[in-house]
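Here is a short tour for a reader meeting this structure for the first time. Keep the sequence and the model side by side while you read.

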Amino acid sequence: MAKNVLVIEDEPNIIEAISFILSRDGWRVATHSNGVDAVSAVQSRRPDLVILDVMLPGRSGYDILRDLRAAAETADLPVLMLTARGQTKDREMAQTLGASRFMSKPFSNAEVLEAVNDLVRP
Amino acid sequence: MPRSGLTGSRIRERREVIGMRQAELARQSGISASYLNLIEHNRRRIGGKLLLDIAGVLGVEPAQLSEGAEAALTATLREAAAERQLDSSETDRVEELAGRFPGWARLLADQHARIGQLEQSVEALTDRLAHDPHLAASLHEVLSTVTAIHSASSILVETRELEREWRDRFHRNIHEDSARLAEGAQRLVDELDAGTRQDATGHSPQDEVQAFLDTSGWHFPELETGQGAAKVLGRAEMGTGVAQDLLRDRLEGLADDAARLPLDDLLTALKAERALEDAPPEGPDPTDLAQRLGVGADLVMRRLVALPADLRADLLPAAPGIVVADASGTLLERREAEGFPLPRYGAACPLWPLFQALHRPMLPLRQVIEMAGRAEGTFVTYALAVPRQTPRPDEPPNFRTHMLIWPATRPAGRVPRVGVTCRICPRENCTARREPSIMAERR
């Protein structure tokens with residue numbers, strides 16, 4: 001049975017590329033592209049894994065992660081954070097808030113695949 | 001008093017040598033930062049106990065602050081030596097050095113001070129990414145686009161037997177993204193370029209646009225005849241793409257205003273208003289003109305400021321100033337009236353009618369105010385906040401507030417006093433004050 005991943009990212013072409021490689025790898029991919037209702041999207045779709053961009057329209061990925069960790073049903077959900085600023089500060093912030101993994105742009109497809117398969121066995 | 005005058009400079013020099021902030025020295029010496037600032041600029045004499053206190057905080061002999069320049073020089077040299085951990089057999093001979101080679105000693109001390117300044121600039125530059133939101137946004141855009149291209153191109157290269165549709169799709173994405181990347185990279189270069197120039201000369205793209213508008217007197221014959229902004233833009237020679245974009249926006253705004261209220265109509269209305277017996281002596285009321293012309297008073301205000309210099313001199317008692325802000329209080333357009341300076345950086349005085357108008361949108365306010373400061377001039381102001389677009393349900397209105405400023409003569413009775421911005425405002429006991437002034441004198 002294929003595992004579900006929810007990609008929360010606002011760059012359409014990144015969404016397309018990630019969706020493509022993940023579905024070729026056997027994942028069932030859903031996408032969401034704004035920050036405002038991202039938390040409710042996670043709650044209604046109940047994915048096995050979330051890929052979450054930090055810079056989203058409407059709401060920061062950090063705030064979304066904080067909410068996810070605060071809710072019982074998503075407290076242990078694997079979350080892969082993406083950011084365009086790989087500064088130590090951002091990495092620390094993601095870790096403090098409970099990100100399962102942190103990846104800075106630009107990343108390669110292989111890195112994404114390795115990370116998601118590390119977090120959840122498909 | 002050249003002797004006591006120099007003491008202030010020496011206090012400042014010494015304080016900077018040890019990297020202490022003015023506020024900190026003031027606190028430890030038991031005086032206000034503004035008073036210390038006056039002392040450091042040699043505008044207040046200092047002696048007696050206060051000198052002893054300051055010398056104590058700075059860790060120097062009072063004589064080094066009040067005595068000849070040589071004492072200060074040797075102090076700086078000691079400081080430089082201590083920082084580089086020079087051998088004490090050498091540091092003991094610092095007076096000898098300053099006495100025998102005063103020129104070399106001065107050079108050494110100056111270079112020591114310069115190194116301190118440069119270290120500060122380096123620190124500021126290193127921190128730019130964290131503190132410059134434009135730069136961070138441009139960088140984010142570039143990195144995101146690179147990621148998209150990288151991802152799509154790897155798919156093209158690494159996926160065996162990729163369906164034609166997908167292949168076309170990724171090709172198209174790469175094509176689009178590479179165009180975006182080129183643009184983003186150019187913007188990034190502009191930001192960095194503007195940044196270095198900003199550090200060197202204090203000019204931002206906004207300053208550049210402002211300087212161009214001011215030298216042109218805000219009047220562009222091309223825009224009056226409907227030839228559009230492109231022609232003006234062609235001769236403007238802005239240094240960066242950001243400045244170019246800002247100027248295009250401003251020129252298009254001016255052209256739009258000119259189309260909505262042609263110069264001839266404005267002149268006819270101005271002449272008619274001036275002929276009236278009760279015409280205000282300081283300059284016409286923009287709401288009177290607006291009513292006569294059947295347009296918004298905000299448009300009239302902007303057009304009054306854009307009058308060509310010769311007509312303005314003929315028809316108006318003085319050159320009016322204007323300031324336009326958005327709801328965040330950011331000043332977007334500014335033309336100074338004589339005696340009413342506008343802050344270049346940071347926020348303005350919240351007491352300006354400009355901001356009061358935001359609380360009563362669409363309602364024009366006429367207020368006489370006095371500028372607190374050296375000149376203490378009086379001004380008649382008209383302020384009006386209007387939505388920028390036609391308001392629509394479920395959309396937040398985007399208000400722009402305007403203030404037209406006429407230099408005036410002081411009327412009888414009390415007039416509210418406003419400032420330029422807190423840091424340089426001498427007004428005491430102001431409930432609107434955000435930060436201490438460097439002008440206010442406290443005893």
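Which residues are buried in helix H2 (residues 22-29) of chain B? They are B:Leu25, B:Ala26 and B:Ser29. Seen down the axis of H2(B), these buried residues fall within an arc of 100°, so they line one face of the helix. Just after H2(B) comes B:Gly30, with a positive phi of about 75°.

This is a predicted model, so some words on confidence come next.

**Confidence**

The predictor gives the complex an ipTM of 0.85 and a pTM of 0.48. Chain B averages a pLDDT of 83, and 89% of its residues score at least 70. Within chain B, confidence is highest in helix H19 (residues 297-305), at a mean of 96. It is lowest in helix H10 (residues 128-131) of chain B, at a mean of 60. Residues 1-5 of chain B have a pLDDT below 50. Beyond near neighbours in sequence, this stretch has five contacts in the model. Residues 198-202 of chain B are also below 50. That stretch has three contacts beyond near neighbours in sequence. Where pLDDT is low, the predicted coordinates should not be read in detail.

**Where the chains meet**

How many residues of chain B are in contact with chain A? The count is 14, and they touch 16 residues of chain A. Helix H11 (133-158) and helix H12 (164-201) of chain B each supply at least two residues of the side that touches chain A. H11(B) gives the most, with 11 residues. By type, this side of chain B divides into six nonpolar, seven polar and one charged.

**The sheet of chain B**

Six strands of chain B form an open sheet. Their order is S2-S1-S5-S4-S3-S6, and the pairing is mixed. Strands of a sheet pair through backbone hydrogen bonds, either parallel or antiparallel. The edge strands are S2 (331-335) and S6 (417-418) of chain B, and each pairs on one side only.

Now look at S5(B), residues 399-408. Is S5(B) mostly covered or mostly open? It is mostly covered: eight of its 10 residues are buried. S5(B) pairs with strand S4 (residues 378-387) of chain B in the antiparallel sense, over 10 bridges. S5(B) also runs antiparallel to strand S1 (residues 321-326) of chain B, joined by six bridges.

B:Thr381 stands opposite B:Ile405 in S5(B). B:His402 in S5(B) is the bridge partner of B:Leu384. B:Val324 also stands opposite B:His402.

Two residues other than glycine take a positive phi: A:Arg46 and B:Glu161.

A:Pro106 lies in the loop between strand S5 (101-104) and helix H5 (109-119) of chain A.

**An annotated residue in chain A**

Which residue does UniProt list for "modified residue: 4-aspartylphosphate"? The record, an unreviewed entry, gives A:Asp53. A:Asp53 is found in strand S3 of chain A.

Why does A:Asp53 count as buried? It has 24 C-beta neighbours inside 10 Å, and a residue is buried if 20 or more lie within that distance. Leaving aside its neighbours within four places in sequence, A:Asp53 is in contact with A:Ile8, A:Glu9, A:Asp10, A:Gly61 and A:Leu82.

Notes. Residues are numbered from 1 along each chain as its sequence is written. Chains are lettered from A and ligands numbered from 1 in the order in which they are written. This is a predicted model: local features need pLDDT of at least 70, side-chain atom pairs count only at pLDDT 80 or more; totals for chains, interfaces and linings use all residues. A residue is buried if 20 or more other C-beta atoms lie within 10 Å of its own, exposed if 12 or fewer, and partly exposed in between; C-beta atoms are placed from the backbone. Helices (H or I, at least four residues) and strands (E, at least two) are DSSP runs, numbered from the N terminus. The arc is that of the directions from the helix axis to the C-beta atoms. Two residues are in contact if their C-beta atoms, placed from the backbone, lie within 7 Å. Ala, Val, Leu, Ile, Met, Phe, Trp, Tyr, Cys and Pro count as nonpolar, Asp, Glu, Lys and Arg as charged, and the others, Gly among them, as polar. Two strands pair if DSSP finds at least two bridges between them. UniProt positions are given in the numbering used here, feature names are shortened, and annotations may be inferred rather than shown by experiment. pLDDT is the predictor's confidence in each residue, from 0 to 100.
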